[in-house]
2 protein chains.
Amino acid sequence: MRPKIYLFGDSITEGSFSNGGWGASLANHFARKADVVLRGYSGYNTKWALKVIHKVFPAAGDAPLAVTVFFGANDAALPDRDSGFQHVPLDEYKQNLLAIVAYFKKQWPSARIILITPPPVDDNARLMYPFVEKPLGLPERTNEAACQYAKQCLDVAAECGLPAIPLCEKMQQLPDWKSLLRFSCLIIFSLPITATVPTLKNIHLPKCSDGLHLSQKGNKFVFEEVINLLAKEQISLEALPADLPLISEIDPSDPLKSFGN
Amino acid sequence: MRPKIYLFGDSITEGSFSNGGWGASLANHFARKADVVLRGYSGYNTKWALKVIHKVFPAAGDAPLAVTVFFGANDAALPDRDSGFQHVPLDEYKQNLLAIVAYFKKQWPSARIILITPPPVDDNARLMYPFVEKPLGLPERTNEAACQYAKQCLDVAAECGLPAIPLCEKMQQLPDWKSLLRFSCLIIFSLPITATVPTLKNIHLPKCSDGLHLSQKGNKFVFEEVINLLAKEQISLEALPADLPLISEIDPSDPLKSFGN
């Protein structure tokens with residue numbers, strides 16, 4: 001009865017239904033119009049995403065209105081550092097994104113495919129965050145790398161004629177863009193954490209900032225970017241029919257009229 | 001691939017994906033385990049719910065893990081006041097709930113059906129909130145009525161051998177239970193609002209309190225009640241398999257092993 005909007009991505013998608021998250025905000029926005037379906041896989045890169053895409057989105061089932069494709073933050077992990085096992089070379093990232101787009105285009109010709117670039121990285125916060133067991137004392141993700149992958153993502157969108165959200169670029173246009181990247185502890189529930197990094201001892205960190213995931217402000221930023229882009233693609237509250245009569249449409253003097261009696 | 005949990009109810013369900021909402025919190029909790037699907041219809045009572053249930057939940061499709069049935073706040077609107085058109089007599093409310101339960105039992109014999117009673121009402125806040133166009137100067141919902149409907153809901157659960165959340169009763173066990181009922185403006189987007197009630201002029205109201213819908217604290221209360229009850233029914237993070245390997249299960253020295261290569 002209701003059309004779907006799929007959110008396909010990594011932890012920034014998986015965590016998007018946390019308090020103030022962009023996914024939950026989308027679901028709330030379209031509460032009577034569309035189902036927002038979460039398909040976020042924490043830690044995944046485009047290589048792993050391609051390995052599982054046929055399981056996540058099997059051939060059966062109706063085409064969704066749209067699917068957001070939001071990968072790159074893990075692909076951009078530096079190859080010789082602690083998260084190197086998540087790294088995907090830049091060119092392979094591009095080929096993988098092209099293959100993901102091709103899969104969706106073949107499966108659902110009518111669906112809007114929306115590419116979202118990885119967000120920027122706050123190198124200093126990333127360096128300080130004790131998110132791996134044996135840190136080398138070097139950040140395993142950098143803003144420089146994130147920006148390269150973001151550019152590649154935009155190239156894929158341009159080649160495929162798809163709409164994209166240049167998150168990395170747009171966020172950094174804000175003077176206080178690093179405040180978009182603080183995040184709640186809840187997102188990293190599956191990662192082992194030790195707080196033994198010597199450099200941490202005398203530093204007061206914002207609680208659970210990791211310089212990569214989104215703060216509530218960052219989530220709001222992404223939510224607004226997504227609904228604005230969807231609206232340009234005719235996916236908006238105005239364009240979509242409501243599922244069943246709204247209370248404002250029901251005649252108080254004869255409510256059952258609205259239900260065909 | 002993922003099982004579903006349906007949320008069927010009125011505005012307290014429809015608004016449950018707002019910031020800190022109990023539905024969004026459930027979706028976040030089960031982010032890799034189950035889809036939490038919103039079927040909330042603002043303003044609806046059990047009579048209207050019965051009229052549309054076959055459209056909302058058609059025969060096709062797999063059985064969900066569970067469905068929450070959360071009606072009564074509108075049925076309990078007083079018949080001779082401004083929201084009288086939403087009123088359903090107490091006994092009819094019971095019969096309607098029984099019919100809703102019977103529909104789900106027939107459709108999905110394996111699904112857990114969870115009844116949630118309406119929450120309490122803060123009569124004073126309700127009286128002061130200018131939520132209808134021509135208020136009579138009397139509250140159109142009262143705590144006394146809400147409690148009667150809540151009791152009836154529990155009777156239905158007992159008769160049917162179903163688990164239930166006695167929200168009305170449990171919330172009122174907290175000394176500051178009225179703080180559970182403040183809510184965000186966003187929920188009432190579809191209702192016409194005028195602020196012309198004379199008695200409002202010299203009163204400083206909590207922003208958008210309406211004495212009926214849930215505050216963030218109230219949403220957290222409902223979320224915790226629901227996950228606790230689901231856990232008793234073997235629907236928990238521990239009992240449900242994850243959709244695809246978790247990052248913590250992936251071997252950094254051979255990640256593709258987790259994906260069957």
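Start with Leu97(B), which is buried at a relative accessible area of 1%; buried means under 20% relative accessible area, exposed over 50%, and partly exposed in between, with a 1.4 Å probe and protein chains only. This is a predicted model, in which local features need pLDDT of at least 70 and side-chain atom pairs count only at pLDDT 80 or more, while totals for chains, interfaces and linings use all residues. Residues are numbered from 1 along each chain as its sequence is written, chains are lettered from A and ligands numbered from 1 in the order in which they are written, and side-chain values use heavy atoms, with hydrogens and water left out.

**Around Leu97(B)**

Leu97(B) belongs to helix H4 of chain B; helices (H or I, at least four residues) and strands (E, at least two) are DSSP runs, numbered from the N terminus. Select Thr46(B), Val69(B), Cys153(B) and Val156(B): these are the contacts of Leu97(B) once neighbours within four places in sequence are left aside. Contact means heavy atoms within 4.5 Å. Then pick the C-alpha atoms of Leu97(B) and Gln152(B), which are 9.3 Å apart although 55 residues separate them along the chain.

**Asn74(B)**

Next, go to the loop between strand S3 (66–70) and helix H4 (90–107) of chain B, where Asn74(B) lies. Is Asn74(B) buried or exposed? Asn74(B) counts as buried, at 5% relative accessibility. Its side chain makes a polar contact of 3.4 Å with that of Gln86(B). A polar contact is a pair of N or O atoms within 3.5 Å; within protein, one must be able to donate a hydrogen and the other to accept it, and residues adjacent in sequence count only if both atoms are side-chain atoms.

**Salt bridges within a chain**

The structure holds 26 salt bridges over all chains, each a side-chain nitrogen of Lys or Arg within 4 Å of a carboxyl oxygen of Asp or Glu. Select Asp243(A) and Arg2(A), whose closest N and O atoms are 2.7 Å apart in a salt bridge. Asp243(A) follows helix H8 (216–232) of chain A and Arg2(A) precedes strand S1 (4–9) of chain A, so the pair ties together parts 241 residues apart in sequence. Both partners count as buried, Asp243(A) at 5% relative accessibility and Arg2(A) at 7%.

In chain B, display Arg112(B) and Glu233(B), a salt bridge of 3.9 Å from N to O. Arg112(B) sits in strand S4 (residues 112–116) of chain B and Glu233(B) in the segment after helix H8 (216–232) of chain B, so this pair links parts that are 121 residues apart in sequence. Arg112(B) is partly exposed at 25%, and Glu233(B) is partly exposed at 24%.

Then select Lys170(B) and Glu225(B), joined by a salt bridge of 3.1 Å, N to O. Lys170(B) is in helix H7 (residues 167–171) of chain B and Glu225(B) in helix H8 of chain B, so parts 55 residues apart in sequence are tied together. Lys170(B) is partly exposed at 32% relative accessibility, whereas Glu225(B) is buried at 15%.

**The fold of chain A**

Color chain A by secondary structure to see eight helices and five strands. From the N terminus on, the order is β-α-α-β-α-β-α-β-α-α-β-α-α. Of its 261 residues, 57% count as buried.

**The interface**

How many salt bridges are counted between chain A and chain B? The count is four, and one to display is Asp35(A) with Arg39(B), at 2.8 Å from N to O.
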